[in-house]
Amino acid sequence: MAFEGLTEKLSNAFKKLRGKGRLTEADVKEAMKEIRMALLEADVNYKVVKDFVAKVTERAVGSDVLESLTPAQMIVKIVNEELTALMGGESAKLTISPKPPTVVMLVGLNGAGKTTNGAKLAGFMKKQNGKRPLLVACDTFRPAAIQQLEVVGGQLGVPVFQQGLGDPVEIAKAGIEHARTHGNDIVFLDTAGRLHVDDQLMAELSRMKEAVSPTEILLIVDAMIGQDAVNAAKVFDQTLDLTGVMLTKLDGDARGGAALSIKAVTGKPIKFIGTGEKLDQIEVFHPDRMASRILGMGDVLSLIEKAQQSFDMQKAAELEQKMRKNRLTLTDFYDQLVQVKNMGSLADIAGMLPGVNAKALKGASVDERALGRTEAIILSMTPEERENPSLLNNSRKKRIAAGSGTQVVDVNRLLKQFEMMQQVTKQMAGGRMRKMAKKGRFGGFGGFGKKGGFPF
């Protein structure tokens, strides 16, 4: 997970400050040395680190901080505010043209995940913003780029416009005209990349910019290449005047220095981040929330949004009523397990909770094979058996095991887990259940991970 090492080192530095009670200027400067080293090891740009530490130190050695009752907390607050400012201060949205279609040029180097993440972005705008996007295949340089765009577009339900291996600029113009006539209000131009920045690539992109006057020019860049990502952003910005950046593979880089450096070095905001390989794993970049996560303070707002996207609210309301009346069925059991799985790994979820050590849960997730067995067993039952598992005698269990490719012992284990869950919900019924619902703690059945809980 991004910033894993940085979070740990910053936590250690703050822990030392908390242990001192009253602080001296020397205590602060010693802590700033540790913070400086932590940022450099996270692959943050040297000049950015130097300026950041100078700003924090200047604020932290003030009398208001040193003489306060909780100076260590004040310093954490200052670091949080400066980290937020470093990454842009507030989230930057896509600019939507008042005269449709909005044209978004997607640029970047090969290997950054430009085609896939461009499609993710189109899917995000369709699902979250109610847009009617069109993907235009302007990458005629890389073999199979057009086919790849059509595949991911198809999976997301986003149409793709392509004219084969012609002139990319003419294809872009034709794609925008196609969008006008077919009611698409936002167009994403998937342009060609190279293994390195070269004159031919930049000339082609400049011609396209001149021809289509895009509303947005987004650089899609791989967070795992660290400072090279910042250098690439500088070169693209000098030629094209970028409007923003999307960082991909942020989940795979434990350092995360690119996210802390790009805005400070280029002045261009990070607008979106890719947080995994799945086509729905894309998020708006919120500097304040990211700063909070870096400091181990959690990101509850993002967790709530993720839950809202993953959970069917109508089903959740129906399930609440069933839980109150203790009328849960095996179908409910399975539905909730699938929705928890859709939220992602347990480590990602834990990283959004204040005070939870996400590192301890690294690699923990819902076991896909166990989920497959559970699904097969439940779907091999009749609707009546799912509603009333007490009907399941030995002969029925043998039939279900044979139909699901499992053993009778697997069926018995699932039924035992279901009984345990029913006992828990019986205890929760009444006042306690209502309290949890009011606090927003309702939804999902925990304990189905590879580490701990029910192993199936």
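Which residues point one way from strand 5, and which the other way? Glu216, Leu218, Ile220 and Asp222 take one side, while Ile217, Leu219 and Val221 take the other, and all are buried. The model is predicted.

**Strand 5 and its burial**
- Strand 5 spans residues 216-222.
- 7 of its 7 residues are buried, so strand 5 is largely enclosed by the rest of the structure.

**Strand pairing**
- Strand 1 (residues 102-107) pairs with strand 5 in the parallel sense, over 4 bridges.
- Leu106 has Leu218 of strand 5 as its bridge partner.
- Strand 6 (residues 244-248) also runs parallel to strand 5, joined to it by 5 bridges.
- Leu218 stands opposite Gly244 in strand 6.

**Largest nonpolar core**
- The largest nonpolar core holds 73 residues.
- Leu189, Phe236 and Leu247 touch the most other members.
- Helix 5 (residues 71-86) gives this core its largest share, 7 residues.
- Domain 1 (4-90) and domain 2 (102-285) both contribute residues, so this core lies between them.

**Contacts of Leu247**
- Leaving aside residues up to four places away in sequence, Leu247 touches Val221, Ala223, Ala258, Ala259, Ile262, Ile270, Phe272, Ile273 and Gly274.
- Val221, one of these contacts, is a buried residue of strand 5.

**Second core**
- A separate core has 22 residues.
- Among them are Met125, Val152, Phe188 and Ile282.

Conventions: Residues are numbered from 1 along each chain as its sequence is written. This is a predicted model: local features need pLDDT of at least 70, side-chain atom pairs count only at pLDDT 80 or more; totals for chains, interfaces and linings use all residues. Side-chain values use heavy atoms; hydrogens and water are left out. A nonpolar core is a set of buried Ala, Val, Leu, Ile, Met, Phe, Trp, Tyr and Cys residues joined through side-chain atoms within 4.5 Å. Buried means under 20% relative accessible area, exposed over 50%, partly exposed in between (1.4 Å probe, protein chains only). Helices (H or I, at least four residues) and strands (E, at least two) are DSSP runs, numbered from the N terminus. Domain bounds come from an automatic or database domain assignment. Contact means heavy atoms within 4.5 Å. Two strands pair if DSSP finds at least two bridges between them.
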